[in-house]
Amino acid sequence: MRTLPIAVTALAATLTLTLTACGGDDGGGGDKKTSGKRSGSSAPAACAADKLGQEVAASEAPAAGDTGTVSVTLTNGSGADCILEGFPSVTLKAGSSLSVPSEESAEPEKLTVQQEETVGFTITYVRGPAGDPAKAAAVKTTQYVLPGTDTELSFPWEYGEVALQSGTEPNASVTPLQRTGD
């Protein structure tokens with residue numbers, strides 16, 4: 001009698017291992033059907049900039065040397081899914097054009113943006129001293145181009161001077177596009 005429970009236990013363990021190896025989610029192919037393209041459908045195209053609604057919100061830097069953020073939220077109003085991936089190309093206009101570098105530690109991801117879904121990016125900046133063109137740029141306008149497009153979008157800059165790290169390099173950075181909201 002004593003060997004029967006051990007044999008049943010061994011059989012159960014063997015079946016469990018067999019089922020796990022055959023159908024378990026080990027990332028080795030059990031989900032290949034769902035990860036591919038659906039038949040009869042085409043992949044979404046890059047989001048058209050003129051089909052995205054824009055909303056800008058800021059946490060303004062109150063004084064010289066303080067850090068502030070400007071968040072840009074984009075809503076897909078195109079009527080179809082579209083793709084965004086990477087960093088927007090951001091330029092601050094202050095008499096001259098100042099290119100805002102990408103945030104070095106950030107990794108962009110490929111985003112499929114559904115109808116009415118929102119994505120966004122954030123510009124982080126250090127406020128510069130007012131009236132000192134050697135140390136700060138009196139920015140008037142922010143222009144940006146989304147990856148995969150060549151349409152330039154803009155909004156007025158109302159958040160004070162931006163400190164300069166050098167004559168033409170703003171003390172600022174921009175995040176990659178990412179999902180926003182719930």
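**The disulfide and its surroundings**

Reply: In this predicted model, Cys47 and Cys82 form a disulfide, with their sulfur atoms 2.0 Å apart.

Me: How many disulfides does a search of the whole structure find?
Reply: A disulfide is a covalent bond between the sulfur atoms of two cysteines. Cys47 and Cys82 are joined in this way, with 2.0 Å between their sulfur atoms. The count from a search of the whole structure is one.

Me: Which parts of the chain does the pair of Cys47 and Cys82 link, and how many residues apart are they?
Reply: Cys47 sits in the loop between β1 (45–46) and β2 (52–59), while Cys82 belongs to strand β4. Both cysteines, Cys47 and Cys82, are buried. The pair links distant parts of the chain, and the separation of Cys47 and Cys82 is 35 residues.

Me: Is the link of Cys47 and Cys82 right-handed or left-handed?
Reply: The angle about the S-S bond is 85 degrees. With that angle, the link of Cys47 and Cys82 is right-handed.

Me: Which residue in β7 stands opposite Ile83?
Reply: β4 and β7 pair in the antiparallel sense over four bridges. In a regular strand the side chains alternate between the two faces of the sheet. In β7, Leu111 and Val113 make up the covered face, and Lys110 and Thr112 the uncovered one. The residue opposite Ile83 is Thr112.

Me: Which strands stand at the edges of the open sheet of four strands?
Reply: The strand order is β6-β5-β10-β11, and the pairing is antiparallel. Each edge strand has a single partner, so one side of it is left without a neighbour in the sheet. The strands in that position are β6 (96–100) and β11 (152–156).

Me: What does the twist average from one strand to the next in this sheet?
Reply: The sheet is an open one of four strands with antiparallel pairing. From one strand to the next, the twist averages 25 degrees.

Me: How many bridges join strand β5 to strand β10?
Reply: β5 covers residues 89–94 and β10 covers residues 141–145, and the two run antiparallel. Ser89 stands opposite Val145 in β10. The number of bridges joining β5 to β10 is five.

**Aromatic pairs and the core**

Me: Are the rings of Phe121 and Tyr144 stacked or edge-to-face?
Reply: A search of the whole structure finds four aromatic pairs. The ring centres of Phe121 and Tyr144 lie 5.1 Å apart. Their planes are at 70 degrees, and planes over 60 degrees apart count as edge-to-face. The pair of Phe121 and Tyr144 is therefore edge-to-face.

Me: How many residues apart are Phe121 and Tyr144?
Reply: Phe121 is in strand β8 (residues 118–126) and Tyr144 in strand β10. Phe121 counts as buried because its relative accessibility is 1%, and Tyr144 does so at 0%. Their pair links distant parts of the chain, with a separation of 23 residues.

Me: At what angle are the ring planes of Trp157 and Tyr159?
Reply: Trp157 and Tyr159 are both buried. Their ring centres are 4.9 Å apart. The pair is edge-to-face because the planes are at 85 degrees.

Me: Which residue do ring pairs link into a cluster with Phe121 and Tyr144?
Reply: Leaving aside neighbours within four places in sequence, the contacts of Tyr144 include Phe121, Leu74, Leu153 and Phe155. The residue that ring pairs link into a cluster with Phe121 and Tyr144 is Phe155.

Me: Is Lys135 buried or exposed?
Reply: Lys135 is placed in the loop between β8 and β9 (136–137). Leaving aside neighbours within four places in sequence, Lys135 is in contact with Pro129, Val162, Ala163 and Leu164. The relative accessible area of Lys135 is 51%, and the cut-off is over 50%, so Lys135 counts as exposed.

Me: What distance separates the C-alpha atoms of Lys135 and Leu164?
Reply: Lys135 and Leu164 are 29 residues apart along the chain. Leu164 is one of the contacts of Lys135. Their C-alpha atoms are separated by 5.3 Å.

Terms used
Residues are numbered from 1 along each chain as its sequence is written. This is a predicted model: local features need pLDDT of at least 70, side-chain atom pairs count only at pLDDT 80 or more; totals for chains, interfaces and linings use all residues. Side-chain values use heavy atoms; hydrogens and water are left out. Two strands pair if DSSP finds at least two bridges between them. Axes are lines fitted to C-alpha atoms, for helices over the stretch in contact, and angles run from 0 to 180 degrees between N-to-C directions. Rings of Phe, Tyr and Trp (its six-membered ring) pair if their centres lie within 6.5 Å; planes under 30 degrees apart count as stacked, over 60 as edge-to-face and the rest as tilted. Buried means under 20% relative accessible area, exposed over 50%, partly exposed in between (1.4 Å probe, protein chains only). Contact means heavy atoms within 4.5 Å. A disulfide is a pair of cysteine sulfur atoms within 2.5 Å.
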